[in-house]
Amino acid sequence: MSNNRKLFGTDGVRGVANIEPVTAETALKLGRAAAHVFAEARASSRNGRLRVVIGKDTRLSGYMLENAIV
């Protein structure tokens with residue numbers, strides 16, 4: 001994946017499952033980046049806790065991407 005490519009559109013990351021950028025590898029990278037942002041936000045929260053919700057639809061690819069991002 002090129003670092004110059006825009007991943008997010010108005011509806012998030014879009015594409016065909018298992019074809020870049022909608023791959024488990026990309027989901028894992030996005031999950032790591034989100035965890036970093038959440039860790040910083042948690043450090044500045046009042047009680048040190050945050051709640052994260054992951055939404056998906058029921059297509060088979062959603063389960064693959066959910067597991068990768070978690």
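Predicted model: local features only at pLDDT ≥ 70, side-chain atom pairs only at ≥ 80, totals over all residues.
Helix α1 covers residues 24-44, and helix α2, which covers residues 60-69, packs against α1 at an angle of about 40° with the axes 7 Å apart. The crossing in which α1 passes α2 is right-handed. On the α1 side, the contact involves Ala24, Ala27, Leu28 and Gly31, which meet Met64, Leu65, Ala68 and Ile69 of α2.

Side chains of opposite charge can pair when their charged atoms come close.

| Salt bridge | N to O distance |
|---|---|
| Glu25 and Lys29 | 3.5 Å |
| Lys56 and Glu66 | 3.9 Å |
| Asp57 and Arg59 | 2.4 Å |

Glu25 and Lys29 are 4 residues apart in helix α1, so about one helical turn separates them, and Lys29 is partly exposed at 41% relative accessibility. Lys56 forms a salt bridge with Glu66; because Lys56 lies in the loop between α1 and α2 while Glu66 lies in helix α2, this pair ties together parts that are 10 residues apart in sequence. Lys56 is partly exposed, with a relative accessible area of 36%, and Glu66 is also partly exposed, at 28%.

A nonpolar surface patch of about 610 Å² is made by Val37, Phe38, Leu50, Val52, Ile54, Ile69 and Val70. Of these residues, Phe38 is found in helix α1 and is partly exposed, with a relative accessible area of 36%.

Note on methods:
Residues numbered from 1 in each chain as written. Heavy atoms only, no water. Patch = residues over 30% accessible without salt bridge, like charges linked within 9 Å, V, L, I, M, F, W, Y side chains within 5 Å. Areas by Shrake-Rupley, 256 points an atom, 1.4 Å probe, with all protein chains shown as cover. Salt bridge = Lys/Arg side-chain N within 4 Å of Asp/Glu carboxyl O. Helix = DSSP H or I, 4+ residues; strand = E, 2+ residues; numbered from the N terminus. Buried < 20%, exposed > 50% of the residue type's maximum accessible area, 1.4 Å probe, protein only. Axes fitted to C-alpha atoms, helices over the stretch in contact; angles between N-to-C directions. Left-handed = near helix turned anticlockwise from the far one by under 90°. Contact = heavy atoms within 4.5 Å.
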